[in-house]
Amino acid sequence: MVQCPDRIIASIDTGVDDALALAYLLGSTDECELGGVIAGYGNVDANTAYANTCAVLDLFGRADIPVFLGSEHPSWADAFIPDAGCAQFHGDDGLGNTRLAGSGALADGACVPSDDMSVDVPDEVVSVGGYLAGDVHAHPALGACSRVNRSQSVDHPQSAMPTALASGGKRRCSVDAADGIEYLIEQVREFGRDVTVLATGPLTDVDAAITRAPDIASKLRLVMMGGTLTQPGNCWDAVAETNIIQDPEAANRVFHSGADITMVGLDVTHQCLLPQSAADRWRATGTKRGRFLADLADFSIKANLEADPALFSGGMPLHDPLAAAVALDSSLVDCFDLALRAETNTGDFNGVRGRTTGDPVGLVNHSMPHVHVALGVDSGRFLDEFVERMAEVCR
């Protein structure tokens, strides 16, 4: 009997490592079927993530894979602006300044100046990379634009045509922002845990789907990149992790939903560093795909080394690719199961907003949902398989 490949639905905010994760999945056709991709805000704005996703799939000859527009802002905010920290690690186009998707969606729209975060959005709650506009840590990316429909909530999004796609590109299609959430719901209802939802950005899409269709929670298998339990975070407070700080409320609801969740956080991704030799190998293929993947790696290796020479002297951390690999092979990681929560406030008796920690209620209420938190990883096996598979997909 021939075993069918795993079905994967990806919810991503396509930056550098998201693109590497996509390429890895496209090179894993014997093990997985990538059924569709939901592109939303996070590393970049949702429209840029959509354009980047389409461009990557087109480059690897998979224009047949449907792409949907996901959440355009966190559940707690009316609008989202990408922050300078993400631009530092992903480039102002989200793809290491490779311009694969053309000029990118950031080229158009109403830009919000960094010296006056109230301009153009005076009556709205605005998230700047997970921080309230006006917060000392709210630094918008250069040229970042807020182009979301601010009258709509996550549960009732507005139809939209990403600017970068309306003006060109290989895909000509109208996009309904609601489609991404509805698609996720439909897939889980049809396949149950025979489909894995891979989330490499904020958990807003997953939370919106569960909120709209609570019946899917018990059927949902989720592998997420985000959070950290035993290590410092990578945000300003050195406690929170980026994907969680974007929407802690959504993450906390998902953690308590009863879904089958595996958290692939900084505890393990910081042990999986891609060396320069891998990028050199991909570039040596001489193909456009190889040059693109090498350019992504070069950009990220340099950015991470400049940010923390002690931690990243061995290369770039493969955050999203590791989560993608775990979605296909859970034996890559060793997990500790516990009731998990995301802190939603900062202050006395609250903790630090965005921190992922054990939920103390779980100590006395053993029926609380538990999350599989990855704390150990077979980094050697993963890195060997990843580098080899990516070399093959370059050809």
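How exposed is Asp 298: buried, partly exposed or exposed? Asp 298 is partly exposed, with a relative accessible area of 24%. The notes below start from that residue and work through the rest of the model, which is a predicted one.

1. **Arg 283 and Asp 298.** Asp 298 has a salt-bridge partner: its side chain meets that of Arg 283, with an N to O distance of 2.5 Å. Arg 283 sits in helix α10 (residues 276–283) and Asp 298 in helix α11 (residues 288–307), so this pair ties together parts that are 15 residues apart in sequence. Arg 283 counts as partly exposed too, at 31% relative accessibility.

2. **Other salt bridges.** In total, the structure holds 18 salt bridges. One of them joins the side chains of Arg 7 and Glu 33 at 2.8 Å, N to O. Since Arg 7 belongs to strand β1 (residues 6–12) and Glu 33 to strand β2 (residues 32–39), the pair ties together parts that are 26 residues apart in sequence.

3. Asp 215 is partly exposed at 33%, and Lys 219 is partly exposed at 33% relative accessibility. Elsewhere, Asp 329, Asp 378, Arg 381 and Glu 385 are linked in a network of salt bridges.

4. **The largest nonpolar core.** Which residues touch the most other members of the largest nonpolar core? They are Leu 34, Trp 282 and Leu 293, in a core of 67 residues. Helix α1 (residues 16–26) gives the most to this core, contributing 9 residues. As background, nonpolar side chains tend to be buried together in soluble globular proteins.

5. **Around Trp 282.** Setting aside neighbours within four places in sequence, Trp 282 is in contact with Leu 20, Leu 274, Gly 290, Leu 293, Ala 294, Ala 297, Phe 386, Val 387, Met 390, Ala 391 and Cys 394. A second, separate core has 34 residues, among them Phe 68, Met 224, Ile 244 and Ala 259.

6. **Strand β9.** Turning to the strands, 5 of the 5 residues of β9 (residues 195–199) are buried, so this strand is largely enclosed by the rest of the structure. In a regular strand the side chains alternate between the two faces of the sheet. Both faces of β9 are covered, with Val 195, Val 197 and Ala 199 buried on one side and Thr 196 and Leu 198 buried on the other.

7. **Partners of β9.** β9 runs parallel to β1, and 5 bridges join the two. In this pairing, Ala 10 stands opposite Leu 198. β9 also pairs with strand β10 (residues 221–225) in the parallel sense, over 4 bridges. There, Val 197 stands opposite Leu 222.

8. **Covered helices.** Helix α12 (residues 319–328) is largely enclosed by the rest of the structure, because 10 of its 10 residues are buried. The buried residues of α12 include His 319 and Asp 320 as well as Leu 322, Val 326 and Leu 328. Helix α8 (residues 248–255) is mostly covered, with 6 of its 8 residues buried. These are Pro 248, Glu 249, Ala 250, Ala 251, Val 254 and Phe 255.

9. **Ala 55.** This residue has its place in helix α2 (residues 46–59). Ala 55 is buried, with a relative accessible area of 13%. Not counting residues up to four places away in sequence, Ala 55 touches Leu 100 and Ala 101. The C-alpha atoms of Ala 55 and Arg 99 are 9.7 Å apart, although 44 residues separate the two along the chain.

10. Leu 363 is found in the loop between β16 (356–358) and β17 (371–377). Leu 363 counts as exposed because its relative accessibility is 67%, and the threshold for that label is over 50%.

Definitions and conventions: Residues numbered from 1 in each chain as written. Predicted model: local features only at pLDDT ≥ 70, side-chain atom pairs only at ≥ 80, totals over all residues. Heavy atoms only, no water. Buried < 20%, exposed > 50% of the residue type's maximum accessible area, 1.4 Å probe, protein only. Salt bridge = Lys/Arg side-chain N within 4 Å of Asp/Glu carboxyl O. Contact = heavy atoms within 4.5 Å. Core = buried A, V, L, I, M, F, W, Y, C linked by side-chain atoms within 4.5 Å. Pairing = 2+ DSSP bridges.
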